[in-house]
Amino acid sequence: MNALEEILGKVEKYGARLVAVSKTKPNNAILEIYNQGHKIFGENRVQELVEKQASMPDDIEWHMIGHLQSKKVKQIASFVHMIHAVDSPKLLKEIDKRAAQHERIIPVLLQFHIAKESTKYGFSQDEVEALLRSEEFKTFENAKIVGVMGMATFTDDMDQVRSEFKSLKSIFDHLKTNYFTNNEDFKEISMGMSGDYTIALEEGSTIVRVGSLIFGKR
Ligand SMILES: *Cc1c(COP(=O)(O)O)cnc(C)c1O
């Protein structure tokens with residue numbers, strides 16, 4: 001069994017999905033995975049994502065998983081399948097605008113700051129609740145919030161990682177109960193990478209983003 005099959009086996013056991021993170025990897029490496037039947041890939045830089053999308057098979061679902069500047073949304077709005085790291089009202093508004101121009105609905109995830117490190121991007125729970133209660137939010141029709149995303153602290157302390165994943169799951173549950181009760185689309189928790197995806201699955205992840213375990217070290 002190769003790495004992809006092994007990861008897919010675990011992911012499917014939990015009814016979750018795998019985004020194969022192909023950042024920095026050449027097209028031939030991506031095609032090798034694609035030819036095994038996997039069609040969901042993630043990139044974290046706009047330029048690289050645009051170039052790969054243009055030169056790779058059309059039925060690939062491209063996920064933008066990295067920090068995204070508002071001014072770059074227009075470059076990916078015509079094709080991106082999901083945007084994982086929405087971390088400001090301004091970015092959400094821009095995605096809504098650009099998606100509308102392409103007559104598309106773009107599913108997005110709200111990124112939460114769950115790690116101890118101060119370098120990681122993301123909303124606090126208060127910021128998101130203010131956004132969800134705002135009048136402006138109710139006018140967004142083309143950026144569709146389908147869940148939450150987070151990155152755990154980069155550490156060997158797996159108890160800490162687990163507790164950070166638990167905190168994202170509880171934020172999800174709170175938002176689901178209070179703001180998305182009858183909204184079946186709000187169901188995604190994007191958490192877990194090469195070093196911690198099995199813990200993430202145990203803690204309720206629905207989308208894991210795994211790169212180096214599949215493609216090798218970057
Ligand atoms: C690079 C990256 C990943 C994958 O990291 P690996 O450790 O290689 O699995 C997941 N999520 C985000 C946001 C990334 O930038």
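Predicted model: local features only at pLDDT ≥ 70, side-chain atom pairs only at ≥ 80, totals over all residues.
Residues are numbered from 1 along each chain as its sequence is written, and side-chain values use heavy atoms, with hydrogens and water left out.

Student: Which radius of gyration does the chain have?
Tutor: The radius of gyration is taken over C-alpha atoms, and the globule rule is 2.2 Å times the number of residues to the power 0.38. For 218 residues, a compact globule would have a value near 17 Å. The chain agrees with this, at 17 Å.

Student: What percentage of the residues of the chain count as buried?
Tutor: Buried means under 20% relative accessible area, exposed over 50%, and partly exposed in between, with a 1.4 Å probe and protein chains only. Of the 218 residues, the buried share is 50%.

Student: Is Thr24 buried or exposed?
Tutor: Thr24 lies in the loop between strand 1 (17–21) and helix 2 (27–34); helices (H or I, at least four residues) and strands (E, at least two) are DSSP runs, numbered from the N terminus. Its relative accessibility is 52%, so Thr24 counts as exposed.

Student: What phi does Glu103 have?
Tutor: Most residues other than glycine have a negative phi. Glu103, in the loop between helix 5 (89–101) and strand 5 (106–112), is not a glycine, yet its phi is positive. The value is about 50°.
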